[in-house]
Amino acid sequence: MADLKLQGAQVLGSEGLACADLAIAGDLIGDGSTGRAVDLDGFLVLPGIVDLHGDGFERHLAPRRGAMKEMAEGIVATEAELAANGITTAVLAQFVSWEGGLRGPEFADQVFTAIRDTAPALVTDLRAQLRLEIHLLDLYDGLPERVTAWGVDYVVFNDHLPHDRLSQGRKPPRMVGQALKAGRNPDDHFDMMMRLHAQADKVPEALDQLCAHLHEKAVRMGSHDDATKAARDTWHRRGITIAEFPETLEAAEAARGTGDAVILGAPNVVRGGSHKGNVSALELIAMGLCDAVASDYHYPSLRRAALMLAQGGVADFATCWRLVSEGPARVLGLHDRGRLEPGKRADIVILDAETKRVAATMAAGRFSYMSGEIAERFMSI
């Protein structure tokens with residue numbers, strides 16, 4: 001791509017939107033006035049969206065059970081959806097869970113291998129996150145080495161076992177369907193859940209050791225769905241500095257109190273509340289208890305969440321957009337992106353100023369998406 005000078009657009013700087021030129025020199029934001037001029041009157045030029053947790057890619061890798069045999073094609077299709085939604089850096093969150101099937105260890109190995117081998121040839125910066133169910137103690141030995149082999153540098157810990165029901169020896173709702181979806185006999189599935197629940201007292205010490213090993217390998221770690229201050233404080237003592245989707249105000253305040261990052265879900269923002277009845281992301285953001293917003297399970301919600309927050313007066317536009325750009329980049333330790341200033345990566349999303357739809361997306365100075373009128377403007381230069 002030749003050096004470019006974008007003119008006539010409203011460009012988002014630290015103080016907000018203003019009509020300004022933006023130079024692109026190779027893969028970086030430039031500071032000069034040279035480059036082929038492109039008239040972008042009628043458009044907004046914003047920092048590219050950084051998604052630090054999303055599992056919306058699952059539909060591309062396995063639209064039906066057993067239907068997707070070539071994982072690389074699913075990764076390519078995922079990138080197309082990400083780019084069309086203005087996302088320039090994306091963390092693909094893959095489960096390793098007792099649930100099995102698309103969340104089992106065997107499928108996860110295929111996914112992580114496909115991301116590792118396919119992502120370098122794509123424009124969008126794709127990264128992998130391991131979401132580990134903490135009661136799978138048999139997997140702990142050797143897991144740090146597997147994480148390294150997969151190229152995973154971000155691990156999040158979950159506990160989705162329905163302990164209340166299991167402690168009473170009762171089968172959870174929807175368990176039969178879950179078992180059949182994973183290709184298991186329902187009775188065998190229930191017995192497995194009971195065994196995992198029964199070894200709960202062994203989990204804390206095993207987690208202490210696993211987290212220490214991952215920390216030695218410089219793996220970034222997070223907890224998921226924290227509900228209490230005690231739980232979040234325990235994770236913090238293990239060196240886990242990211243709190244994904246805290247379920248309560250208490251947990252979010254606990255994370256902020258220890259200097260840990262709080263990540264909230266964009267669908268929660270767009271819906272105006274959690275579909276599970278947890279604390280509202282809108283309320284936490286308004287209280288200043290949010291460092292970044294993630295797509296969770298729906299990529300279009302990231303852009304919509306930032307726009308809705310600004311339109312609703314929760315904060316000014318620049319502050320709201322930082323929750324999907326600079327904020328998540330900082331949490332991931334990616335200080336080379338998230339802002340439109342000289343020397344940063346040329347990660348850019350261009351929105352139609354009237355409709356606020358994505359017109360073009362650029363990652364490291366290369367277009368990953370372009371559609372409609374804006375394509376005509378670039379083609380005419």
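Arg232 counts as buried in this predicted model, at 0% relative accessibility; buried denotes under 20% relative accessible area, exposed over 50% and partly exposed in between, computed with a 1.4 Å probe on protein chains only. Arg232 pairs with Asp226 in a salt bridge whose closest N and O atoms are 3.0 Å apart, a salt bridge being a side-chain nitrogen of Lys or Arg within 4 Å of a carboxyl oxygen of Asp or Glu. Asp226 is likewise buried, with a relative accessible area of 3%.

The model is a prediction in which local features need pLDDT of at least 70 and side-chain atom pairs count only at pLDDT 80 or more, whereas totals for chains, interfaces and linings use all residues. Residues are numbered from 1 along each chain as its sequence is written, and side-chain values use heavy atoms, with hydrogens and water left out.

In total, the structure holds 20 salt bridges. Side chains of opposite charge can pair when their charged atoms come close. One of the salt bridges links Arg103 to Glu99, with an N to O distance of 3.5 Å. Glu99 is buried at 15% relative accessibility, while Arg103 is partly exposed, its relative accessible area being 23%. Another salt bridge connects Arg116 and Asp117, where the closest N and O atoms lie 2.8 Å apart. Arg116 has a relative accessible area of 37% and is therefore classed as partly exposed.
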